[in-house]
Amino acid sequence: MKKIIQTSLYIVTIVLSLNTAAAEEKTGDGHITAKASTMGFGIEYNYPVTSVLSIGIGVNKFSANKTLTKHNVHYNADVDFKSASIITNYHPFSNGFRLRAGTYYNDNKINLSADSSTGAITIASTEFTNADIAINGELSFKKFSPYIGIGYGSEPIGDNTLSLDIDIGVMQSPIKVQLTGTCEANPTKELACNLFDPSLAKAKADLEEEAGKIKLYPIVSLGLSYRF
């Protein structure tokens, strides 16, 4: 009987130790975050790799119509932001504070348009009248852009169901400028388009100069996470 009791206690000890080890190694199913950011409205799923490391995959989208004035040209701006991201989150203090690094795939762009349908139009300080003018352009982000940031939110492993997520970071993303246009003048006013091409080239150069100053795009987000 004594041997049976000793054997039983030994087996129970082994089972308890295995359960403890399994609990320590458990990574859980992760958490999902709905957020609003400077990349738009998005959703991100984070999978816990260890107790201090997780991998997040997210998508973002935003669209709006704005009026943009640059160097005397009044553009209709159609903002169309679409992006996807893969981000590594490291929690060095085993709490909500995290360091983030990863990559964004960008299909972010702003479509520009301007015309002379309402009358005279000014392009690079030159006013054009008596001509049908149409300008189309696009401001676009670099397709693949590295990202670094910090934040505070859900730990990879934890017992909280809901948590507030805050992230601040920057994405390296130079902006590419495209600008084209046409000018058609009444035969009796054919001189009206003489300065169009150089004026359009100047307007494009001005946009490129301004866009060239933007090397980093700030990404600030606020979200709510739900743990499975």
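## Second largest pocket

Strands E4 (73-90), E6 (109-115) and E7 (121-123) of this predicted model each supply at least two residues of the lining of the second largest pocket. Strands (E, at least two residues) and helices (H or I, at least four) are DSSP runs numbered from the N terminus. The largest share of this lining, three residues, comes from E4.

The lining consists of Asn72, Val73, His74, Asn76, Ala114, Asp115, Ser117, Thr118, Ala120, Ile121 and Thr122. By class, four of these residues are nonpolar, six polar and one charged; Ala, Val, Leu, Ile, Met, Phe, Trp, Tyr, Cys and Pro count as nonpolar, Asp, Glu, Lys and Arg as charged, and the others, Gly among them, as polar. The second largest pocket holds about 160 Å³ of space.

## Largest pocket

The largest pocket has a volume of about 250 Å³. Strand E3 (53-70), strand E9 (131-141) and helix H2 (196-211) are the elements that give two or more residues to its lining, and H2 provides the largest share, three residues.

Leu68, Lys70, Ile110, Leu139, Phe141, Ile175, Leu207, Glu210, Ala211, Ile214 and Tyr217 line the largest pocket. Nine residues of this lining are nonpolar, none is polar and two are charged.

## Basis of the values

A pocket is an open set of points, on a 1 Å grid over the protein atoms alone, where a 1.4 Å probe fits, with protein on both sides within 12 Å along at least five of seven lines; lining residues have an atom within 4 Å of a point. Grid points are joined across faces, edges and corners, and a volume is the space filled by probe spheres set on the points.

Residues are numbered from 1 along each chain as its sequence is written, and side-chain values use heavy atoms, without hydrogens and water. In this predicted model, local features need pLDDT of at least 70 and side-chain atom pairs count only at pLDDT 80 or more, while totals for chains, interfaces and linings use all residues.
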